[in-house]
Amino acid sequence: MPIIKILRPALLFSVLLLLLGCSQKQLFSYAQPQDSIKAKSEHFIAGVGIRDITPPPGIPRAGYALWSTTGEGFRTRLYARAYYMQGNNGQPYALIQTDLMAGSRILLARVAELVNKKTGLHAGNMTITATHTHSSPGQYLGSELYNKHASHKSGFDPVFFEFLAQQLAEAVLDAYDQQVPAKIASGKKAVWGLTRNRSLEPYSNNKNHPHVEQTNAAVFHEINPYMYMVRLDGLTEDGSYQPMGVFMSFAIHGTSIPRWDPMFNGDLWSYFQGDLQHQIEQHYSTSTPVIVGGFEGTHGDIAPAMPLDQSGYIWSKNVGSALAKEGWQLFQQLESSLSSNSPVRIASRHVDIRDNPVINNTTICDEGALGTTLTAGPYEHESPLLAWLPFFKQGSSRWFNTEGCHGNRLIVGGAWIQPWLEPKDSFPRDILFQLIEIGDLAIVPLPFELTAETGFRIQAAVENSYQQQGLTAPEVMVTSLANGYTGYITTPEEYDVQYYEGGHTIYGRYSQPYVSQHLGALTTDLLTRNKVMELPAQWQFRLPVRTFVEPQPLADISVRQVLSTPEYQLPAVNQEGFWAFDWQDVGASHIHLHQPLLSIEISRDKIHWQPLIHQNRAVNDQGYDVSVQRMDDQDGHAHYRAYWYNPVFQGKQVWYRFVVQPRGNEETLYSAAFH
């Protein structure tokens, strides 16, 4: 669902904010490097890179706000994938896909600082996108508001932030180092039956959708069904071209895993990306891994098509794997349109909303606010009690003083009290508008959660600017949650109904027309000037800081030991069966979950062991079913539990064991054999 499922209930709201008012703030400042362009090339150039960004145990999970949990391990790993592209015209661009809740402008600034000297890239010609999994870490965003409310704990974690920045930068540098002459193709495909509209009443209030039926079936029709894809094939040593990377956008909330789950995971996107990667590599027998990454489209009111109250890994895999099959069809269709001739054009413009609330007679609020329906939560993820209270439940609005920029929205605490509870300066106010034209595709990344109709209207504004210049518009891919998080945007008509999405449109009723106007103007400027780079000389962020995983010294003596023999747990309704065993190891700051840790080995005599391979995939923690959870952490060591879900059975005379890779001074550890 949306990034902030549910903000803190009103009573806790004021108490926590008063306490946080005394938090230590730290200034982070980043200068904008000078723009540069490479020499023109006869050939389109591309490179890909990947880094693991799985956090240590102890970082809060973000997305479900107060109802989030602290991440105690991982079920599926989180990654950052980088795609470096250089057009025939010499213009470089890097898209960074992340298995995170959202992009981050401060993260973009830091990554640019780390890679600029070698690559010439900067914040204007890079984009950080996200899958919006609600089982990923928080505490890395560039605004105080969402470092406070995206998870159940508050504060910007500078240690974890620097880890993220370094990993993303390494992915970009890998992509840059591995650049080769390449071919590119882009396209889209309608996908039906895997998503549904969770806010049908606001959607049906749109003036261009007057006849939407309020039926159970209608929720599957009133969506953004399009999967967009960019395929990159690179030149190999034998002179042939081979798939090297894929990135795609699709509108679906990363909320198939329930909010009480304690594990980091990529949600349904892990299965979407992983299955598609496996299919491509098997079909083409690629010599190197194909980097496959996805990120959000205009998903604000779009949910996974799962049975109600049956969220969990089984349905997450069902939906994700089905999306991978759709993606494979699109990937194959793009083969015939691969081209080595693809110029790149970029327009980037920084806008401070509070200082610039007007464009072409369209005005938004110059101060952000939070609506009461936001605290009630969205459909299927409602807040206890608040979702049923008058003035908070979906559809609650005011009937007086509705002429202002916030329209009929009921403000948490009221317009006079909310600024005292949530200072205006804590709201995100800076927007990086971008338009990236790559061949026949225009990418429009935005830092909001956009509803389906909002996305269609922004797309229309971009297309109209091309038409006004006498040009045929390319395919326009509008994406959410890029380079930051700034709440939601609904259309004015959707806003008037005041569901969750309207309550979380922080800059008011006219946010969609305002953003559409900016994108239309930016498109026109790109077409007439060929390039737009309008960024301030410096970006500054003043944020309350807090370190969630304190560094611990390594013990002088070994702490690693087996604590239990593996035991099997039978599957329950909507649950998977698994083997599990416990061991003691180094503490959270040294377990390094972003590096391979667990695998399964197989033997027929308990003497000779080898890695278990199932369906051409190694059974280890790089896949879907081998995971780790911290159970306790004290005195410089921790108690962990290893899981092997959906285990393979190959007969009575076959034995298995868990293998734990070395950490610090600790040697490889093996569980007892089991079968």
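A: Let's start with the aromatic rings: there are 28 aromatic pairs, where rings of Phe, Tyr and Trp (its six-membered ring) pair if their centres lie within 6.5 Å. Planes under 30 degrees apart count as stacked, over 60 as edge-to-face and the rest as tilted. One of the pairs is formed by Tyr84 and Tyr176, which are edge-to-face, with 5.2 Å from centre to centre and 85° between the planes. Tyr84 belongs to strand S5 (residues 79-86) and Tyr176 to helix H4, so this pair ties together parts that are 92 residues apart in sequence. Helices (H or I, at least four residues) and strands (E, at least two) are DSSP runs, numbered from the N terminus.

A word on the source: this is a predicted model, in which local features need pLDDT of at least 70 and side-chain atom pairs count only at pLDDT 80 or more, while totals for chains, interfaces and linings use all residues. Residues are numbered from 1 along each chain as its sequence is written, and side-chain values use heavy atoms, with hydrogens and water left out.

Tyr176 also takes part in a helix contact, between H2 (residues 105-119) and H4 (residues 158-177). Their axes come within 9 Å and cross at roughly 40°; axes are lines fitted to C-alpha atoms, for helices over the stretch in contact, and angles run from 0 to 180 degrees between N-to-C directions. That makes H2 oblique to H4, since angles under 35 degrees count as roughly parallel, over 145 as roughly antiparallel, 65 to 115 as roughly perpendicular and the rest as oblique. The crossing of H2 and H4 is right-handed, that is, the near helix is turned clockwise from the far one by less than a right angle. Contact means heavy atoms within 4.5 Å, and the residues that make it include Leu107 and Leu114 of H2 and Leu168 and Tyr176 of H4. By class, the contact of H2 with H4 has 13 nonpolar, two polar and four charged residues. Here Ala, Val, Leu, Ile, Met, Phe, Trp, Tyr, Cys and Pro count as nonpolar, Asp, Glu, Lys and Arg as charged, and the others, Gly among them, as polar.

Now for another pair: helix H10 (residues 452-468) and H13 pack at about 30°, with axes 8 Å apart. H10 and H13 are therefore roughly parallel to each other, and H10 passes H13 in a right-handed crossing. Among the residues in contact are Ile458 and Ala461 of H10 and Leu519 and Gly520 of H13. This contact of H10 with H13 divides into seven nonpolar, seven polar and one charged.

Finally, H13 (residues 511-529) has 19 residues and reaches 27 Å from its first C-alpha to its last, close to the 27 Å expected, which is 1.5 Å times one less than its number of residues. Asn530 follows H13, with a positive phi near 75°.
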